[in-house]
Amino acid sequence: MFRALGIKEEVYTLCEEALADLRDRFAEIDRIAEYNQLKVVKAFQDAHVSEAHLYGTTGYGYDDIGRDTLEQVYANVFGTEDALVRSQITSGTHALGIALAGNTRPGDEILCPAGGPYDTLEEIIGIRPSTGSLAEYGITYRQVDLLPDGGFDYDGIRAAINERTHLVEIQRSKGYASRDTFSPEQIGELIAFVKSIKPDVICMVDNCYGEFTRRDEPSLYGADMVVGSLIKNPGGGLAPLGGYIAGTKDCVERAAVRLTTPGLGKEVGASLDNNKLFYQGLFMSPVITANAEKTAIFAAKVYERLGFQCHPSADTTRYDIIQAITLGSEEAMVAFCQGIQAAAPIDSFVTPYPDDMPGYDSKVIMAAGAFVQGSSIELSADGPIRAPYNVYFQGGLTWYHGKLGIMMSVQKMLEKGLIKI
Ligand SMILES: *Cc1c(COP(=O)(O)O)cnc(C)c1O
């Protein structure tokens with residue numbers, strides 16, 4: 001079948017050899033997936049999920065018991081007081097946007113104590129001027145970069161916290177940066193430090209791509225809010241859209257009144273036909289996330305053998321599902337992404353090229369042949385076309401499909417003369 005799909009003998013052999021080294025890593029991932037699967041089942045059972053909850057509402061969505069119980073399940077999974085899990089949240093960026101806007105007021109300051117936020121948050125905060133940004137409402141921003149060794153700049157953070165510091169935003173995953181992804185424990189240390197200086201600061205974690213990669217989420221390490229997208233890990237590949245915020249009752253309520261309106265808050269928002277998919281996706285998510293992690297580690301192992309720098313390296317502990325590979329040129333990024341696309345179940349015959357994208361300040365290439373548009377828990381690759389030409393690769397609903405995608409990317413690189421085997 002590999003031959004029938006266009007994989008040449010030398011690519012197959014290279015990849016099978018790489019795989020032989022990964023048995024122990026895969027076993028560790030399976031153990032975490034098992035723990036998280038049981039955690040999710042217990043969260044369902046504790047919330048008394050029943051068949052009636054799988055159906056949705058229309059119109060205002062008053063008394064949507066499926067939606068409200070799902071939010072209890074999310075709160076159980078994340079160990080928080082409450083959660084907002086909605087199909088009206090259009091994306092991870094939107095979830096982060098309402099979490100930030102809902103929990104700040106004019107005169108407040110937002111602090112990013114561990115380097116800048118995700119690209120699309122720059123316009124929400126107003127780091128890059130944008131209509132409707134928090135800067136237009138008199139909310140200011142301060143940032144403390146990581147130290148050259150990648151550690152937290154505690155002196156800098158202490159100096160940056162002032163009487164207006166109201167909310168601290170920490171991004172768990174590396175996103176499009178070249179740093180390491182933070183572990184929940186590291187995030188916990190940072191939060192403890194911030195709260196030792198100013199106990200009432202709201203600590204918010206951008207949890208995108210991190211869910212279920214470890215046993216515990218950052219919400220168990222002091223975060224007041226964890227925020228993410230349902231077309232990444234927790235949607236399990238089944239959620240067709242949506243986002244979540246899990247956190248304290250007050251933080252979630254303040255975000256909810258920004259999503260809907262003051263006075264309405266969590267009371268409205270019809271779930272339509274999404275409840276079943278949200279429940280089932282969350283149920284599947286620990287295993288789907290494990291499949292994506294296996295694919296990422298396999299990618300790192302193969303590309304390290306080919307001489308490319310991989311971040312994280314194939315042998316280090318993972319805290320998210322993203323694999324960065326420094327390909328060093330636009331041509332290599334394009335070949336890699338075209339390989340991922342060629343392995344897809346949907347749109348395998350289309351050819352991705354770099355182009356402008358709303359929210360990003362350089363051209364971006366994206367490869368995805370997904371059941372849900374833009375879903376990055378499904379096998380996908382993307383990256384901004386800028387030095388050092390990192391491709392960010394993630395997802396894989398099944399490990400076998402993820403493996404094929406990586407093999408196809410190597411095949412395309414070989415055909416374009418960009419690698420030698
Ligand atoms: C994907 C992502 C976001 C934004 O999510 P979208 O759903 O693409 O808007 C924010 N932060 C991080 C770290 C992400 O990976």
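Select Ser-285 and show what surrounds it: leaving aside neighbours within four places in sequence, Ser-285 is in contact with Phe-212, Asn-233, Pro-234 and Gly-236. This is a predicted model. Ser-285 sits in helix α9. Is Ser-285 buried or exposed? Its relative accessible area is 0%, so Ser-285 is buried, the cut-off being under 20%.

**Along helix α9**

Stay on the helix and pick Asn-291, another residue of α9. Asn-291 has 14% relative accessibility and counts as buried. Now display its side chain. Which backbone oxygen does it reach? That of Leu-397, at 2.8 Å. Beyond residues up to four places away in sequence, it touches Gly-396, Leu-397, Thr-398 and Trp-399.

Next, select Ala-292, also in α9. With 1% relative accessibility, Ala-292 counts as buried. Its contacts, not counting residues up to four places away in sequence, are Ile-321, Ile-377, Gly-395 and Gly-396. Gly-396 is also touched by Asn-291. Draw a distance from the C-alpha of Ala-292 to the C-alpha of Ile-322. The two residues are 30 apart in sequence and 8.6 Å apart in space.

Walk across it from β8.

- β8 to β9: 3 bridges join these antiparallel strands. Select Gln-309 and look opposite, to Thr-326 in β9.
- β9 to β12: the two pair in the antiparallel sense over 4 bridges. Gln-323 stands opposite Phe-393 in β12.
- β10 to β11: 5 bridges join β10 to β11 (residues 380-384), and the strands run antiparallel. Pick Met-366; its bridge partner in β11 is Asp-382.

How many strands does the open sheet with mixed pairing have? It has 7, in the order β1-β7-β6-β5-β4-β2-β3. The edges are β1 (82-86) and β3 (140-143), each with a single partner strand, so one side of each is left without a neighbour in the sheet. Neighbouring strands are turned by 20 degrees against each other on average, direction ignored.

Zoom in on the β3 end. β2 (residues 109-112) pairs with β3 in the parallel sense, over 4 bridges. Select Ile-110 and find Tyr-141 opposite in β3.

Then bring back two helices. Helix α7 (residues 184-197) lies across β4 (165-171) and β5 (202-206). Its direction is at about 160 degrees to β5. Helix α8 (residues 249-259) packs on the sheet and touches β1, β5, β6 (225-229) and β7 (243-247). The direction of α8 makes about 25 degrees with that of β1.

**The ligand**

Start with Ser-91, Gly-92, Thr-93, Leu-96 and Tyr-118, which are among them. Strand β4 covers 165-171 and β5 covers 202-206, while β6 covers 225-229.

1. Thr-93: a polar side-chain atom lies 2.5 Å from an oxygen atom of the ligand.
2. Asp-206: a polar side-chain atom lies 2.6 Å from a nitrogen atom of the ligand.
3. Lys-232: an N or O atom in the side chain is 3.0 Å from an oxygen atom of the ligand.

How much area does the ligand expose when taken alone? It exposes 380 Å², and the protein buries 89% of that.

Notes
Residues numbered from 1 in each chain as written. Predicted model: local features only at pLDDT ≥ 70, side-chain atom pairs only at ≥ 80, totals over all residues. Heavy atoms only, no water. Pairing = 2+ DSSP bridges. Near = heavy atom within 4 Å. Polar contact = N/O pair within 3.5 Å; in protein donor to acceptor, adjacent residues only side chain to side chain. Areas by Shrake-Rupley, 256 points an atom, 1.4 Å probe, with all protein chains shown as cover. Buried < 20%, exposed > 50% of the residue type's maximum accessible area, 1.4 Å probe, protein only. Contact = heavy atoms within 4.5 Å. Axes fitted to C-alpha atoms, helices over the stretch in contact; angles between N-to-C directions.
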